[in-house]
Amino acid sequence: MPPTLASLVHHSALKLTVRAGADRLDVPVRWAHVSELADPVPYMEGGELLLITALKLDAEDPETMRRYVKRLVGAGVVGLGFAVGVNYADIPKAVVEAAEQEGLPLLEVPRRTPFLAISKAVSAAIAADQYRAVTAGFAAQRELTRQALSDGPEGLLAALASQVDGWAALYDASGAVVATAPEWAGRRAARLTADVERLRERPAPASAVVGAGGGADDGERDRVELHSLGTGRRPRAALAVGTAATLGTAERYALHSAIALLTLTTERSRSLQAAEQRIGAAVLRMLLAGEPDHARAVAGGLYGELLDAPYRIVVAESASPPAGATAPEEARAVSRPTAGALVAADTNGDPLGGLTECLESAAARAGEAVLVVPEGERLVVLAVDGGAAVGACEEFAAALEGARAEVRGRAADASVPSAGSSGSSGSPGSSGFSGASGAGGSAGDEDELVVGMSGPAGPIAAAAAYKQAEQALSVARRRGRVLVGHEQLAAGSVVPLLADDAVRAFADGLLRPLYAHDATGRGDLVASLRAWLSRHGQWDAAAADLGVHRHTLRYRMRRVEEILGRSLDDPDVRMELWLALKTTAAVGE
């Protein structure tokens, strides 16, 4: 402990006597300072024991001493030492009364005790306290290291909680609680998720002090320190330490040691990470080449049973903005999904990195293996079918999709439609996937994510699963979606897959002569063709739909053949015309 007034009073060599403020002697003393100035306050920092002989003070004047003592208390002086036998044979009554009135401890210093002896005693006690703190810190560091090596982060947290006489919690990159010590601290740690998210938004290393670790049901409110863990741009984890009071020097040493050790356990070296990525890339190449046995041999136990269990392949791409370009505010907002369980939060303009952290954190919490292979602006992932990583990927995409919709909605509300803009091929109402050709390339989407996910696959079907993921990725890009699963392609319609500029141009070119004919008012060939094709060439049913005689419909179909120069007896022609009609109808809806 640091020196206190009580410890100085009990110091046998100093012979100090308490004349006032005996109930406040437990206050720590930061230093002993000698000053005979009438106003020493400008030279005080707080926590000092002021030593005087009243050489320049009218110590017998009550009003003067009240003002003097009051200013000392306001400056944070913790005690006043008055030397007797120098200028005054005894401490004047005005000094004693002023000290009692202001609650300032007053110590009588005998003539035979020099001020230097008091200063030395305070200095020696401070040095001894610092030495004890350093020694305790080294001991704590050894204990924390031993626990980290033997029991991992959980043992380290238990040792840290014991060292600081409080509790400790470890959070992963998504802000979820990984471990706590003691176990009862789990509820308190869970309340800090929002604070951990805010901490992640700051450059590492970052720290914050909050006071929300306790609650009404706990009967107290802790002082909680949050510290980010990791050396990269985005923290990989966070540490919370809750105590009843501010940490002392020894506890601070223990905390910093724990931060260093946890950083080592949560942040792999770049060389090790690069080596694992090379192994993962080699394993993936072998799987895609139809060599699962060789892939298992190379992977060893690195990916557990992932290569033998049903898995899915995820392919993700990010279209990065040009070098030096600054994404608009809408794009930056879109890049920061904050969905409840996902909390993979701030992607910092790096959606692939955010997705990687999301998948790896979810897999780590669930104790499942995941294979992540970065390839420049592309990411290939093998994840357990139905596992936590697949679920986290879907949650991440849903959050990002919602953020995009919100941003685009705000942009639409703020914009003023220009004359003649309706009916364009990129109009917001077209077929539920409007602007498919531009959805992924708008100014606000330059750094957005596009993800394709395969269906479940076995160990020998990696190549087929990869092709499925590629197909789903292509569809997601066309539709302006974040994530498309391969099952969605089989369950949906083929028409939306054709809704891009090339197909629309083909449809417009094919049907333009018919639309030109109808524009002259000489018939309704387009509607007649649509009705006839929808009724599979049944004349009576199609004519009834149109409200015309079947001979009229037959005449119109001959005119269609004449104008287009194609025979409706050809099934390929009928198929092309039907798809063209569906495409143009989707644009016009």
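## What "buried" means

A residue counts as buried when its relative accessible area is under 20%. Val475 has a relative accessible area of 8%, so Val475 is buried. The model behind this report is predicted.

Where does Val475 sit? Its place is in helix 14. Gly452 is 23 residues away from Val475 along the chain. Even so, the C-alpha atoms of Val475 and Gly452 are separated by 8.1 Å. Gly452 belongs to strand 14, and that strand returns below.

## The largest nonpolar core

The largest nonpolar core has 28 residues. Which of them touch the most other members? They are Val283, Leu287, Leu307, Tyr311, Ile313, Leu371 and Leu382. The largest share, 8 residues, comes from helix 14.

Take Leu382 as an example from this core. Leave aside its neighbours within four places in sequence. Leu382 is then in contact with Leu284, Leu287, Leu306 and Leu307, among others. The list of contacts also includes Tyr311, Arg312, Ile313, Val370 and Leu371.

Five strands form an open sheet, in the order 12-13-11-14-15. The pairing is mixed. Which strands are at the edges? They are strand 12 and strand 15 (483–485), and each pairs on one side only. Neighbouring strands of the sheet are turned by 15 degrees against each other on average, direction ignored.

Now look at the pairs. Strand 11 and strand 13 run antiparallel and are joined by 7 bridges. Here Val314 stands opposite Val381 in strand 13. Strand 11 also runs antiparallel to strand 14, with 5 bridges between them. In that pair, Val315 has Gly452 of strand 14 as its bridge partner. Strand 14 and strand 15 run parallel and share 3 bridges. There, Val451 has Leu483 of strand 15 as its bridge partner.

## Strand 14 and its crossover

Strand 14 covers residues 449–453. Is it mostly covered or mostly open? Mostly covered: 5 of its 5 residues are buried. In a regular strand the side chains alternate between the two faces of the sheet. In strand 14, Leu449, Val451 and Met453 point one way. Val450 and Gly452 point the other way. Both groups are buried.

Strand 14, helix 14 and strand 15 make a β-α-β unit. Which hand does the unit have? It is left-handed. Helix 14 is also where Val475 has its place.

A disulfide is a covalent bond between the sulfur atoms of two cysteines. How many disulfides does a search of the whole structure find? It finds 0. Cys358 is in no disulfide, and its nearest cysteine sulfur is that of Cys393, 7.5 Å away. Cys393 is in no disulfide either, and its nearest cysteine sulfur is that of Cys358.

Notes. Residues numbered from 1 in each chain as written. Predicted model: local features only at pLDDT ≥ 70, side-chain atom pairs only at ≥ 80, totals over all residues. Heavy atoms only, no water. Core = buried A, V, L, I, M, F, W, Y, C linked by side-chain atoms within 4.5 Å. Buried < 20%, exposed > 50% of the residue type's maximum accessible area, 1.4 Å probe, protein only. Helix = DSSP H or I, 4+ residues; strand = E, 2+ residues; numbered from the N terminus. Contact = heavy atoms within 4.5 Å. Pairing = 2+ DSSP bridges. Axes fitted to C-alpha atoms, helices over the stretch in contact; angles between N-to-C directions. Right-handed = clockwise from strand over helix to strand, strands pointing away. Disulfide = S-S within 2.5 Å.
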